[in-house]
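Have the sequence and the 3D view open side by side as you read.

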Amino acid sequence: MKITGTILVATLVAVLLAGGSVSAEDKDIIRLQSDVVNLQGTVKLLQESLEARNSATAAQIAKMADQINNMSATVLKMSEQVSAIKTENGTANAALLAGSAKTVADTQNVVMPALTEIRKGLEELKEGQRLQAKTISDQLISMKSASEPLPGCKDLKQLADRSANSGYLDDAVSGYREFLTNPSCATDPKLLDVQFGIAEAYFNWKKFDLAVQEYDIFLQKFPANDKTASALLRKGLAHAELKQVTEAKAALTRVTKEFPGTGESANATAKLKELAAPAAGRGARGQ
């Protein structure tokens with residue numbers, strides 16, 4: 001009749017407690033039995049999850065299971081010896097306990113290295129299982145990538161534009177940056193619009209310091225185009241929001257001088273008057 005690990009441990013503890021106080025040898029036996037039971041459970045789970053593995057892995061696990069079962073039988077035998085000791089007279093107990101202590105010590109010297117080796121083997125099996133699962137996942141991803149075309153530059157920009165128009169500005173910035181870092185988009189005619197889109201997203205996000213940086217990048221990379229006036233105007237407005245009045249006036253003045261008669265120029269002129277108004281007011285109060 002096969003005794004389960006849990007019942008065996010419970011029986012052993014009951015026997016030991018029935019005989020009085022628990023000795024150091026008793027505690028060693030209980031600890032060993034507990035280790036064996038835990039390992040039996042781990043091996044069982046691995047056996048169930050690795051049924052489809054190759055024969056070499058199955059043989060290795062079976063060998064570990066046999067080793068653990070042998071250990072379990074040894075510890076059971078030790079528990080029976082302890083039970084017998086508890087029923088003998090005092091003089092016999094002393095002799096038997098001395099022999100039991102030696103038996104426990106000898107068994108520990110054999111069992112503990114074996115347990116350590118089995119634990120090591122189990123960890124290696126788990127790691128192998130993890131690596132195999134990752135390999136399968138990578139293969140599936142590769143197969144999916146091969147079967148489904150990657151989004152093109154047009155797709156990336158349209159997705160980022162939709163995010164920007166919907167108010168998801170963080171997604172918009174991420175989408176525009178994905179466009180910029182895609183080597184196939186390096187010469188795309190929409191590159192100018194994408195860089196401007198990043199600056200605009202930061203401006204609307206009220207991250208004016210980052211907006212200024214992106215407008216500067218835009219103006220350096222694309223110095224003359226139909227968005228230059230807008231970039232200068234928005235850069236000036238961002239400086240104004242940051243209370244950087246000198247920089248704001250410089251950018252806005254460029255708009256009025258370089259793009260006269262445009263809507264951007266009219267907006268820049270209005271903002272310049274607004275920036276000058278506080279100074280004029282202070283002068284009047286001083287008089």
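This is a predicted model: local features need pLDDT of at least 70, side-chain atom pairs count only at pLDDT 80 or more; totals for chains, interfaces and linings use all residues.

You will find Trp205 in the loop between α7 and α8. Leaving aside residues up to four places away in sequence, Trp205 touches Leu169, Asp170 and Val173. Take Leu169 as an example: 36 residues separate Leu169 from Trp205 in sequence, yet their C-alpha atoms are 6.5 Å apart in space.

Which residues of α8 are buried? They are Phe208, Ala211, Val212, Glu214, Tyr215, Phe218 and Leu219. The spacing along the chain is worth a thought: an α-helix has 3.6 residues a turn, so residues three or four places apart point the same way. The cover over the buried residues of α8 includes α6, α7 and α9.

Not counting residues up to four places away in sequence, Tyr215 touches Phe196, Ala199, Glu200, Phe203, Ala231, Arg234 and Lys235. Tyr215 also belongs to the largest nonpolar core, which has 35 residues. Together with Tyr176, Phe179, Phe203, Phe218, Ala231 and Leu252, Tyr215 is among those that touch the most other members of this core. At least two residues of the core come from each of α5, α6, α7, α8, α9, α10 and α11, and the largest share, eight residues, is supplied by α7. Apart from this core lies another, of five residues, including Met64, Ile118, Leu122 and Leu125. As a general background, nonpolar side chains tend to be buried together in soluble globular proteins.

Finally, turn to the covalent link. The model has one disulfide, and it joins Cys153 to Cys185 with an S to S distance of 2.0 Å. Cys153 lies in helix α5 and Cys185 in the loop between α6 and α7, so the pair ties together parts that are 32 residues apart in sequence. The torsion about the S-S bond is about -105°, so this disulfide is left-handed. Both partners count as buried: Cys153 has 11% relative accessibility, and Cys185 has 0%.

Technical notes:
Residues are numbered from 1 along each chain as its sequence is written. Side-chain values use heavy atoms; hydrogens and water are left out. A disulfide is a pair of cysteine sulfur atoms within 2.5 Å. Helices (H or I, at least four residues) and strands (E, at least two) are DSSP runs, numbered from the N terminus. Buried means under 20% relative accessible area, exposed over 50%, partly exposed in between (1.4 Å probe, protein chains only). Contact means heavy atoms within 4.5 Å. A nonpolar core is a set of buried Ala, Val, Leu, Ile, Met, Phe, Trp, Tyr and Cys residues joined through side-chain atoms within 4.5 Å.
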